[in-house]
Amino acid sequence: MIQDIPKLYTALAEWLACVLFVRLLPQRYNAAKTGGILAAALPLFGLVQWLIGIVPLSLWIPGMIVALVLMYATIWLCCRLNFCDTGFWWALAFTLAEFVASLEWQLYSFGASEMPGRWWIQGLFLLVFYGGGFGFFLQLEQKRLSDKAPLHMTRRESISAAVIAICTFLISNISYVTTDTPFSGHMTTEIFWIRTLVDFAGIAVLLSMQDRWQDMQTQHELTAIQTLLKRQYEQYRISRDNSEAINRKYHDLKHQIQVIRMESDAARREEYLSQLEKGMQSLGVNQHTGNDVLDTILSDKQLYCSQHQITLTIVADGARLDFVETMDICSIFGNALDNAIESVEKLADPQQRLIRVAVYTQNVFLIIRAENYCTAQLSVVDGEYRTTKRDKDMHGYGIKSIRYTAEKYGGSVSADCSDNWFHLSVLLPLPEKA
C-alpha cells in the first residue's frame, strides 16, 4: 500500500493557495468580509477532503470535482474578477497546492517518517514547506503582477489553463489508481517523484502562459497608447487650425454682416445667413463627455463627419467609463465608429448619413450604443453579421474585437438591423464597490 498525502494536509494546501491569490488579486469586498469568507471556507475544505478519503474509489472523481468547485468559488467570491480570469487563477492555485503538498509529503516520507515523535516533526515540516513554498510564490507573483499589465483572459485561454491543471493532476496521481499505464510508477519513491515533477511542470507551463498573455496585453496597451497619442496630436493640430480659422472668420464676419445688412431682398439675405451658418459648422467640434480618452476619439470622428456631410449625434456620459482601460475605450469606440462611418459614406443622399452614439447606465450595467442608417442587406452567419467587403479574410474584425473587449469585463455585445438602422449594443457590468 502506498501511503498518500493525508487529506487534511491537502485541504490545508488548497485553502492556503486560495488565500495566497486572494491576497494577490483585487478583492471584491472589504478585509473583514473577505476574512469571513476565507474562515468559513477552511472547514469546508477539510470536510470535502475527509469525505474523499473515506468514500469508495468510484466516488473519488465526483469528490475531487466538488473540491475544485470549492476552490473556484472561494477565489471568485473574494476577488473582483470575471469568470474567465478566475478560471486561470484557479488553475494556477490548484496546481500550486498539489505541488507544495506533494513536495512536503515526499521529503517528509523520505527523511522523517520513521523518526520518533512524528506529530511535532510533521508540524515542523508543514510549517517549513507550506510556509516557505507559498511564501516564496507570493513574493514571486507580487513582482510579476506589479511589473506587467493586468491579466485579462479570454474564454479560450481560461479553458486551456483549466485543461492543463486537470491533466497535470490526473497524470501526477494516476499511479495511486493503477500502475498498468505508461505514465505510472511501481515503486513508492518513483511515484512520489513523478507526482512532484509533473506538478512542477504544470506550474511552469501555467506561469509561461501567464507571461505570454501579459506580454500580449502590454503590447496591445502600447499600441493603444500610441494610437491615442497620435489622435491627441491630430486633435491639437485641428484645434490650432480651428483657432486660426476662427480668427479669419472673425475678420470676414464683420464684412459679411455689413453686406447682409445692406441686402434688401429677404430671400437673398436668408441665403447669405444659411451660407454663413454652414461655414461655421466645421468649427468648435470638441467633445466634453467627462472622459479625456473618449473626448479625443469623438472629437476626431465628429470633425471627420462634419467634413464629409455626416451627421453624428452624441449623448455620452463618459465619466462612467472610469473602470474601462484606455486601450479598451479605443477599441470599442474606434471600431464602432469606423464601421458606422464606412457604412454611411456609401449612401449617396447626405440626409441619410446619420450616426448616433450613446453612453449611459441602466441598473447595474453600462450601455454603449452605436447606430447608423443602413440600406444594405446584411448577412448573418452563426449569429454574427458578416462584412460586406470583398476581402473578407482581411476585414470583419471590428465587431469581433469589440466582443473580445467586452468579454474581458464579463460583458456582451449584440447587433441587429431593423427599419434601415444598424444597432450595435455593448453591455458592461458596472464594477461592484467594496
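Predicted model: local features only at pLDDT ≥ 70, side-chain atom pairs only at ≥ 80, totals over all residues.

Reader: Which parts of the chain hold Arg356 and Glu371?

Author: Arg356 belongs to strand 2 (residues 354-362) and Glu371 to strand 3 (residues 365-373), and the two are 15 residues apart. Arg356 is partly exposed, with a relative accessible area of 35%, whereas Glu371 has a relative accessible area of 9% and is therefore buried. Arg356 also lies over the face of Trp421, at 3.9 Å from the ring centre.

Reader: How many salt bridges are there by this rule?

Author: The count comes to six. One of them joins Asp338 to Lys301, with the closest N and O atoms 2.4 Å apart. Because Asp338 lies in helix 10 (residues 326-344) and Lys301 in helix 9 (residues 292-307), this pair ties together parts that are 37 residues apart in sequence. Asp338, at 34% relative accessibility, counts as partly exposed, while Lys301, at 9%, counts as buried. Another salt bridge is formed by Arg155 and Glu407, whose closest N and O atoms are 3.8 Å apart; Arg155 is in helix 6 (residues 155-173) and Glu407 in helix 11 (residues 398-408), 252 residues apart.

Reader: Turning to the aromatic pairs, why is the pair of Phe21 and Trp89 tilted?

Author: The angle between the ring planes decides it, since planes under 30 degrees apart count as stacked, over 60 as edge-to-face and the rest as tilted. The planes of Phe21 and Trp89 stand at 40°, with the ring centres 5.7 Å apart, so the pair is tilted. Phe21 sits in helix 1 (residues 7-24) and Trp89 in helix 4 (residues 83-111), 68 residues apart, and both are buried.

Reader: What is the angle between the planes of Tyr108 and Phe125?

Author: That angle is 75°, with 5.5 Å from centre to centre, and the pair is edge-to-face. Tyr108 lies in helix 4 and Phe125 in helix 5 (residues 118-147), so the pair ties together parts that are 17 residues apart in sequence. Tyr108 is buried, with a relative accessible area of 2%, and Phe125, at 17% relative accessibility, counts as buried. Tyr108 and Phe125 belong to one aromatic cluster with Tyr9, Trp105 and Phe129.

Note on methods. Residues numbered from 1 in each chain as written. Heavy atoms only, no water. Phe/Tyr/Trp six-rings, centres within 6.5 Å; stacked < 30°, edge-to-face > 60°. Helix = DSSP H or I, 4+ residues; strand = E, 2+ residues; numbered from the N terminus. Buried < 20%, exposed > 50% of the residue type's maximum accessible area, 1.4 Å probe, protein only. Lys NZ or Arg CZ within 6 Å of the ring centre and 35° of its normal. Salt bridge = Lys/Arg side-chain N within 4 Å of Asp/Glu carboxyl O.
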